[in-house]
Structures are given as structure tokens and as C-alpha cells.
Amino acid sequence: MSRSSLPPGPRVALLGAGAAGACLPLAFAPFGVSSLAVVSPALLFLLWGYTAPAQAARLGFCWGAGAFLAGTYWLYISIHIFGKAPAPLAILLMLALVAIMAGYLALLGYVQAKTRLRGAALWLLFLPCAWVLIEWLRGWLFSGFPWLSLGYAFTDSWLAGYAPVAGVYGISLAAAVLAGAGVALVRGNFATRVLAVLLAAAVLGGGLLLSRVSWVAPLDRELRVALVQGAVPQDRKWLLEQLEPTKDLYRDLSLPYLDYDLIVWPEAAIPSMVDAEYEYLEQMRTEAGERGAAIMLGMLEYEPDSGSYFNSLLVLGEPPSIYRKRHLVPFGEYFPVPEFVREWMRLMSLPYVDISKGSSRPEPLEVAGLYAAASICYEDAFGNEQRVFLPQANLLVNVSNDAWFGDSIAPHQHLQIARMRAIEAGRFMLRATNTGVSAVIAPDGRLLGVSPQFETDVLTASIRPYTGATPYVLIGDSWLLLVALAALAVSFAARRHGSV
């Protein structure tokens, strides 16, 4: 049946699904209406109702398309405005990603309709557990894109108590259970409604209790830190005439803080190669070392022997050390395209050279007698990968360049993701960015300091290094996925026995 031949009812439902999905980004920063991360999927659950599989898939796709078009429109800014790709290509790439993300929801809609589950088995077991499995899948498959996972909306709520135990996907599961409980209250029988109320109360109460548990302990020392935000505009950053002013800017901003323990500059703070700036870097290392400071800064590296480029984070201290980015951005840092497409990109003066991956088992960076878990740019969106540094690392450091997304919602979404990583690990997060939002984040996710966006600033703080491990650090996502799969099995068993 073609779309044009659909009766008015299904057409209205599709529009409603798209509108419900488009409301989801309002649950996240900078808007912060976290309840929409429950209401929006609940509306989708209601629209699915007991529809046929094909219509359920269409509804899921429309919801996902609305959510990701409204929530990741900033991809067009990075690809076209700053990446200089032609507008049609930028729109095509953005819509392709939206379609892929919406496809996951279409798959969920189709599968839930095919199961023919009803009542509590569907709303309180199958849909919440299947939802979190779909979130995990899209955060892993094809390099992963975990943006707009429901759990990120709850950094300032009781549900954040689940993060040190089950990570962001544990919070997503809790939110999806609340969404299913809302549907059960509207459409369920008396027994199902009672069960929904009890389950919702247990979810909220569990989050509150867990938020009061201390999983880690601070060390008996303080670390004075300074985060340098140069605010060099992205459209000028890589101009040849901007290199020397940028070097002078970061040096001059840092000089007053050389008696601090740690100074952090952003991703690719100096727009040049490490080997080309050896004298400058050695001068900064010497000046900082004489005053007792260590400097961490992002730069690109070139390895002549292998011909490889790396997006790296350097420590100018004793001992000097380096971290190379390992989770790269498709079509941003590497291009999974045939050679003829790469040749076309070269002719069009588009980026076409791949950045190489760093080690999959990196060591924490040693700095100021402590250990730091490093991440570059959107690597901090992958909480399970951060665990490789823990519990050895005493703090988290992320350097980013969100200038690629202009004055959009992306930098604020990214900051909220970084806050979740701090809660999961029970560590301070130091986040230095080129144009914002630079921040010092407490182990409970609170923002202790934020630099004004698009302004030159040095953000200072005294923080406590932490030791110990949260349950999430020890176990990761594995146990939650097993629980979700077990719950799916229970939902099918309940249907067979007719108990719900």
C-alpha cells in the first residue's frame, strides 16, 4: 500500500509520531525538560497500540526521524558551514544519518508488533528492555552514535543514581519503564495499573536511594587546575596567518597559572603538527616545569615511518606522555568510501586524508603524580570505553572542539554527556574546549564552573582526585544487557502462560 493510499487515521498517526519524536530533544540540554524523555516515548508506545507490523514500523521511523532531525540538525553546520562540503552533500549526509537512526526505531516497532504481546508483558517488560537494547545497538553498530539516549536527560534527577551502577543505559531503562507504566495507566486493566504504579514507585525510589550511596573515596590532596579556552573562531583556526597569534594566545593565557598543578588546553589547540612545533612545545614544557605545572594540550601528530596522522593529547610534564584518539568520527576523521570518491573529495578541496586510530588499550596519562583518563571530542560519548583507564585513573580529562557546531544545541548536549561520564566513574571531569563549553564537573555531575561560550577564558578550580571503583566501572554494560535479555524472555513466558 502506498503512502498516498493510506486512510486519514494512519496519516495522522504518522504525523503525531513525528511530532512526538521532535519533542524529545527538549528533554536534553540546553532545555532540560527531562520529563519529555518519558512522555515522548510513551506517546510512541500509545501510537503503536496493537497496530500491524508494517504500520508500527512506519510509526517508529517517523518518531525517530522527528527526534534525530530536531536533535542533530547541527550536523549540517559542521559539514557545510565549517566543513565546506556543498549544501546538497551536507543535507544528504545529515538525512542519511537521521534515516539510519530512525531505522532502529522502525525495527523496534515492527518486532514489538510481531510479538503480539499485550498488557503488562508489552508495556512493562518487552518495550522498556527492547528499547535499551536498541539504544545500546545504535551506540555500538557502525562505529556507534549514542546521541539522544534517554538516560542523558536525567543528569539532574533521582534517576542519575543508577549511573554509577548501570551507566547511562541503566537510566534509559528506568525512563522506558516509566514510559511503559504511563501507557499501562491509560490503557491497562486494574491489575496492570496497580503493577505499573508499584513498578514506577520502585524505579523512582531506587534512584533516590542509590543517589545517596558513595561508591568511591577522595584522596587526601587537592589539585589546582586551569582550563584554557582560546575561543579562536573555527573559520579562522586553521588559517596560516592565525598560527602564531594562536600560539601566543595560549602561552599568554597560561603564564599566570604556571604555579598550578595542571593546565589543560583544548583539542587541536595549536593548529599545527607536533614535530613542526617542537621548539614552542619544549619552551612551554620548560617554563611550566620550572614553576611545578604540567600542561596537557591537544595537537595533531604525524608519524613519518608509517605515514600516519593522529589526533593526540600531549602531557608536557615529567614524565612526558601522550594519548592518541582511538574512537574516530566517520566522515570527519576518516572516510569509509571507495578510492574514486576520495579522489573526487580531493578535487573538490574537501578533507580526504584519514586520521589513524590510537591503541585500543591505552594507559592513563601520568600527570602531577596522579593518573588521568583521557578522551578527545566525542570519545566521551562511549562510557564503556572509558572503563579501560579505571579504577587506576584519579580524574577524567576531555578535550574537545565543539566550534564545529556553531551556536547550536550540540555543545550543550555534549556537556551533558560529559557530566554523565563523571557520574558513572565517580571522578571529577575536566573539560577544555576551543569555544565552549569548558567546564569543571564534580563526581556527582554538578557543574562547579563553566566558561562563557565563544569567549576567551581561563577556568580555575581546586579539585580532589578520587580512588575506588563504581559497580559500572567494574562491570560495564554487560550485566544490564543480560538483564534486559532475560526480561524479554520472561515477557514471552508470561504471554504463553497467560499470566499478564
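**Ground rules**

I number residues from 1 along each chain, as its sequence is written. The model is predicted, so local features need pLDDT of at least 70 and side-chain atom pairs count only at pLDDT 80 or more, while totals for chains, interfaces and linings use all residues, and side-chain values use heavy atoms, with hydrogens and water left out.

**Entry 1: the sheet with E2 in it**

I started with an open sheet of six strands, in the order E6-E5-E4-E3-E2-E13, with mixed pairing. My labels are DSSP runs numbered from the N terminus: helices are H or I with at least four residues, and strands are E with at least two. Two strands pair if DSSP finds at least two bridges between them. Which strands sit at the edges? They are E6 and E13 (457-463), and each pairs on one side only. Neighbouring strands here are turned by 30° against each other on average, direction ignored. For angles, I use axes that are lines fitted to C-alpha atoms (for helices, over the stretch in contact), and the angles run from 0 to 180 degrees between N-to-C directions.

Next I followed the pairs. E2 (residues 223-229) runs antiparallel to E13, with seven bridges, and Arg 224 has Ser 462 as its bridge partner in E13. At the other end, E5 (residues 308-316) and E6 (residues 321-324) are antiparallel too, with four bridges. A hairpin of four residues links E5 to E6, and Val 315 is opposite Ser 321 in E6.

**Entry 2: helix H10**

H10 (residues 243-254) packs on this sheet and touches E2, E3 (262-264) and E13, at about 150° to the direction of E2. Contact means heavy atoms within 4.5 Å.

I checked its length. The expected span is 1.5 Å times one less than the number of residues. For the 12 residues of H10 that should be 16 Å, and the end C-alpha atoms are 17 Å apart, which agrees.

Which residues of H10 are buried? They are Leu 243, Thr 246, Lys 247, Tyr 250, Leu 253 and Ser 254. Buried means under 20% relative accessible area, exposed over 50%, and partly exposed in between (1.4 Å probe, protein chains only). Down the axis of H10, these residues fall within an arc of 140°, so they line one face of the helix. The arc is that of the directions from the helix axis to the C-beta atoms.

E8 (residues 370-376) and E9 (residues 395-400) are parallel, with five bridges; Ala 374 has Val 397 as its bridge partner in E9.

Is Ser 451 buried or exposed? At 2% relative accessibility, Ser 451 is buried. I found Ser 451 in the loop between E12 and E13. Its side chain makes a polar contact with that of Asp 457 at 2.7 Å. A polar contact is a pair of N or O atoms within 3.5 Å; within protein, one must be able to donate a hydrogen and the other to accept it, and residues adjacent in sequence count only if both atoms are side-chain atoms.

Beyond four places in sequence, Ser 451 touches several residues, including Gln 229. Gln 229 is in E2 and is buried at 0%. The side chain of Gln 229 makes a polar contact with the side chain of Ser 438 (2.8 Å), and also reaches the backbone oxygen of Pro 452 at 2.8 Å.

Most residues other than glycine have a negative phi, and most peptide bonds are trans. I noted a cis bond from Gly 436 to Val 437, with omega near 15°. Leu 148 is not a glycine, but has a positive phi of about 65°.
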